[in-house]
Amino acid sequence: MNYIDKGKHYVMNTYSRYPIVLVRGKGALVYDETGKEYLDFVAGIAVNNLGHCHPSVVKAVKEQAEKMMHCSNLYWYMPQVELAELLVENSFGDKVFFCNSGAEANEAAIKLARKYSKKKYGDHKYGIITMEQSFHGRTLGSLSATGQTKYHAGFEPLAEGFKYVPFNDFEALKNAVDENTCAVMIEPIQGEGGIYEASPEYLKKVRELCDERGLLLIFDEIQCGMGRTGKLFAYQHYGVIPDIMTLAKGIAGGLPLGAMVATDEVASGFMPGDHASTFGGNPVSCAAGIAVMKELLGGVVDNAREVGDYLKSRLVELKESHSSIIEVRGKGLMVGIQMAMADVSSIINEAMKKGLLVLSAGHGVIRMLPPLTITKDDVDRAVKILDEALNACGV
Ligand SMILES: *Cc1c(COP(=O)(O)O)cnc(C)c1O
């Protein structure tokens, strides 16, 4: 049996997978079992932010694996403390909680928001308002926060206390706040929903509303954080500071790690025993995370901004010759191409055949999340392949 048939036989059927078996990667390139090369503009869905097998991440992982692979959070260990310091010293935050994934980071944020608010205002403060078309994860709590009914179907009853309002609609949000509301949760740039950016005026008003009504503002930066948008964190584009921020995906350059960053005031809502994770902040993942942070701060974030602007300008150019392209959206290297058709899978498949990996998002959006280390030459190559793929599809 080949690996695809074997996979279908043994692995649970939760993903519709592309029919290639990837075996190794280097930088922005990845290779399948036949040796075919692909330019990787998916990067593990914004995980491989430094590309595949970045030497400083590989070195950090090897060294830490030889020292200590796991240590209970009943003890202190150095990589976790050092990564927390790097995250705090480079963000609004004062304290970090570590876990293993995005969904878990959002679970932690939901629990902290409730715990803090109940302590401060009373037991009635538990409601969380999130956005339509948002994506916050697949665990029952983070799924309940996700404002897309297609992901809810079949899993009800969901966790109580969540309401959804249209994104970028301040009046709708204001009207949805009631005496039970304790927090508002937003992706500053919606990823899975289709690369939609919050407007700066909207986020400023949301911050003011939260301050007036005693609500916590939670930014889910799991996809748009860690340099993706050309700043270390997306909130830095807006001058709007959240109370809690969640991170995962690119934080450890390919290893599983999630983090919730909060102010001291809000973090005081948790006491020992309130929340925990056996693997959370694992030494090897945190060692990788330290290497990632150093590379990001050492110039990679600037590269994401520069090359991201170039990518967007090349895609806007491409729009001239393809009427199927409606709009190019996004910041830095988090880019969405809104197509005229709702289903972009044939374009994605055609690009893959021609050696470029891209993915979809929302309705009719081709999403590009390349490593933040790519060059303008990589962009030229990707745009050329996309152009050919659109031609091959006749659009
Ligand atoms: C991917 C994603 C999540 C979920 O992360 P997992 O690691 O898959 O649990 C949550 N929020 C956003 C914005 C994401 O992009």
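Student: Is R207 buried or exposed?

Tutor: This is a predicted model, and the answer rests on a computed relative accessible area. Buried means under 20%, so R207, with a relative accessible area of 14%, is buried.

Student: With which residue does R207 form a salt bridge?

Tutor: Side chains of opposite charge can pair when their charged atoms come close. In this case R207 forms a salt bridge with D211, and the closest N and O atoms are 2.8 Å apart. Both residues lie in helix α9 (residues 200-213), four residues apart, about one turn of the helix. D211 itself is exposed, with a relative accessible area of 51%.

Student: Which salt bridge ties together parts that are 134 residues apart in sequence?

Tutor: That is the pair of K331 and E197, whose closest N and O atoms are 2.6 Å apart. K331 is partly exposed at 22% relative accessible area, and E197 is partly exposed at 26%.

Student: How far apart in helix α11 are E317 and R314?

Tutor: They are three residues apart in helix α11 (residues 283-321), which means a separation of about one helical turn. E317 forms a salt bridge with R314, with 3.4 Å between the closest N and O atoms. Salt bridges may also share partners: R207, D211 and D243 are joined in this way into one network.

Student: Let us turn to the ligand. Which residues surround the ligand?

Tutor: Among them are S101, G102, N106, H136, D220, Q223 and K249. By class, the shell has three nonpolar, six polar and three charged residues. Helix α5 (residues 102-121) gives the most to this shell, with three residues.

Student: Which polar atoms lie 2.8 Å from an oxygen atom of the ligand?

Tutor: One is a polar backbone atom of G102, and another is an N or O atom in the side chain of Q223. A nitrogen atom of the ligand is likewise 2.8 Å from an N or O atom in the side chain of D220. The protein covers 81% of the 380 Å² of accessible area that the ligand has on its own.

Student: Finally, which residues make a nonpolar surface patch?

Tutor: M1, Y10 and V11 make such a patch, of about 400 Å². Y10 lies in helix α1 (residues 3-10) and is exposed, with a relative accessible area of 62%.

Terms used
Residues numbered from 1 in each chain as written. Predicted model: local features only at pLDDT ≥ 70, side-chain atom pairs only at ≥ 80, totals over all residues. Heavy atoms only, no water. Near = heavy atom within 4 Å. Polar contact = N/O pair within 3.5 Å; in protein donor to acceptor, adjacent residues only side chain to side chain. Areas by Shrake-Rupley, 256 points an atom, 1.4 Å probe, with all protein chains shown as cover. Helix = DSSP H or I, 4+ residues; strand = E, 2+ residues; numbered from the N terminus. Nonpolar A, V, L, I, M, F, W, Y, C, P; charged D, E, K, R; others polar. Patch = residues over 30% accessible without salt bridge, like charges linked within 9 Å, V, L, I, M, F, W, Y side chains within 5 Å. Salt bridge = Lys/Arg side-chain N within 4 Å of Asp/Glu carboxyl O. Buried < 20%, exposed > 50% of the residue type's maximum accessible area, 1.4 Å probe, protein only.
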